[in-house]
Amino acid sequence: MAQFVLAGRADCPYYAKAEILADYLQVNLPNFRIYKITQHPDNWEQWLHDICEKNGWKHKRSPIVWRELLDRGGKGLLLGGFNDFLEHAQHYYGITSDLLSEEMLQIGEENLQTHIQIENEEEERKSLINPLQVWISSASAPACYHLIPLLTNGEVFGITTEISIHLLDRYSCKEILHGTVMEAQDLAYPLLRSVSMHIELDEAFLQADVIILLDDILLERDTTSFENCIRQVNELCKVYGPLIEKNAKSEVRIVVAGKTFVNLKTLMIMTHAPSINPGNIIAMAMLLESAAKAMLARKLNMNSAGIKDVIVWGNITGSSYVDLSNAKVYRYDSAIWGPPSFSRPLLDMIYDSKWLRSEFVTALSSLNSQEYHCVGMSPAHVIATVLRYWYQDSPPREIVSMGVLSEGQFCIPEGIVFSMPVSFQNGTWEVITETEINEKTQEIMDCLAYDLIQEKQVALGEIQKMQPYKKEVDTSFNIFSLLDNVEEEKVEKPKEELETLSSGSHQSETFEGEKSASFPDVD
């Protein structure tokens, strides 16, 4: 079998003459095969240079002909140009070409028009397939590794939506990104159009439909003050904000996650990317919400999926307030049964008030530690869940905790990102303002809002140091006022009343470990 490759400039008359001869040989000789490559005149020189450099050939004009030696591993053997191919046909097959120059020029022009038409059709075909562009910053984080399979299996954006994933991180994380790209490609998911790595900031968030920010500024013990970390968050967002405005699509949706300063990062992205709709930038609070549900489920010896409407108020990775007053339990194995929609108040099902006031609260306050987040499986799951709700709606009547820009709901000051109950419907979210809160809850929320306002002022340079909240707030952990339906002999009701479960203030916490791989470098 003689297999030849004929390549040439689309408008080249000699390529046209060689093509006619090659077609004739292929039709009349059973063991002759020709494969043709046509290049646009603008691309020909570069293409010829690349193919010759790859194979160690020397050839400078159109066309170029080589033979594929299939019996020797497919290695190409250069034959030459048009004259060489013509001599080969005469010598081996006794066939030549008598095509006139005028006909050669006409065919060359037709070849060029045909080539342009084919290229336009291919571009149009590609434009019809428009994958969702997903960018993940600080992509060397473990959460990213676990997140990629969840984003590409069709459950988040829909089973017909193709996606392209772009991994962004610092140059020092290049090897980790390369390994992640290779593993993502090995998944061979039908909906994963492409996955790429990026270490240059100039190309960050290009044409992004979705941005997932995993960057963190961690507070090191005895080396960096809390206020300096806040300023570093602002410096990072000063870089990201303009890049998002410049490169991302105008309707880009941004999910801010991480271990620290999630509310502040979200607010600073809004500040430095003012053209992006603030409603399209949200902070992840479901990690703390899910962890609380899991602890409650273990106490009740049930699946945490049956616990709904636990609300996280305030600063997600700092001073937060986990409210169980609206929490419900579904499919609980007890003497009372009902249809799948039947629920019971969670606080009616937990009789161990001592556990709620001690072990549960202590466990919640430890969730801000770096060790809790190091695995990455839980953060990846909640990010994928929130995106699925955003694109495909949350379950009807289900409350989801989310950090969003306050517009004065629940008497929370405007202009800060505050975690509150929301629901997702029709591609957007809405704060559930019908949620009832009492006076004591409002006092605690005022304290949480004060902390967030101070963070904002430090970040923007309005104040240099955060000041403690001056108004006295009862921080005891007393939830018995919510147990009105529990028999009196099962609990001992105290005199004071408070319905809050709160994690400790981040102002007193320090974070150990190395600084994250987020970039640019900040002091």
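Helices (H or I, at least four residues) and strands (E, at least two) are DSSP runs, numbered from the N terminus. The model is predicted: local features need pLDDT of at least 70, side-chain atom pairs count only at pLDDT 80 or more, and totals for chains, interfaces and linings use all residues. Residues are numbered from 1 along each chain as its sequence is written, and side-chain values use heavy atoms, with hydrogens and water left out.

**View 1. Lining of the second largest pocket.** α9 (286-300), β11 (307-308) and α13 (377-392) each supply at least two lining residues. α9 gives the most, with nine residues. The volume is about 440 Å³. A pocket is an open set of points on a 1 Å grid over the protein atoms alone, where a 1.4 Å probe fits, with protein on both sides within 12 Å along at least five of seven lines; lining residues have an atom within 4 Å of a point. Points are joined across faces, edges and corners, and the volume is the space filled by probe spheres set on them. By class, the lining has 11 nonpolar, six polar and six charged residues. Ala, Val, Leu, Ile, Met, Phe, Trp, Tyr, Cys and Pro count as nonpolar, Asp, Glu, Lys and Arg as charged, and the others, Gly among them, as polar.

**View 2. Crossing of α9 and α13.** The two axes come within 9 Å and cross at roughly 115°. Axes are lines fitted to C-alpha atoms, for helices over the stretch in contact, and angles run from 0 to 180 degrees between N-to-C directions. α9 and α13 are therefore roughly perpendicular (65 to 115 degrees; under 35 is roughly parallel, over 145 roughly antiparallel, the rest oblique). M286, L287 and S290 of α9 meet S378, P379, V382, T385 and V386 of α13; contact means heavy atoms within 4.5 Å. This contact has five nonpolar, three polar and no charged residues.

**View 3. Crossing of α8 and α14.** The axes of α8 (residues 262-272) and α14 (residues 439-459) come within 10 Å and cross at roughly 50°. The pair is therefore oblique. N263, L264, L267 and M268 of α8 make the contact with L452, E455, K456 and A459 of α14. By class, the contact has five nonpolar, one polar and two charged residues.

**View 4. Backbone at P63 and A188.** The peptide bond from S62 to P63 is cis, with omega near 0°. P63 sits in the loop between α2 (41-55) and β3 (64-69). A188 is not a glycine, yet has a positive phi of about 55°. A188 lies in the loop between α6 (174-187) and β7 (192-198).
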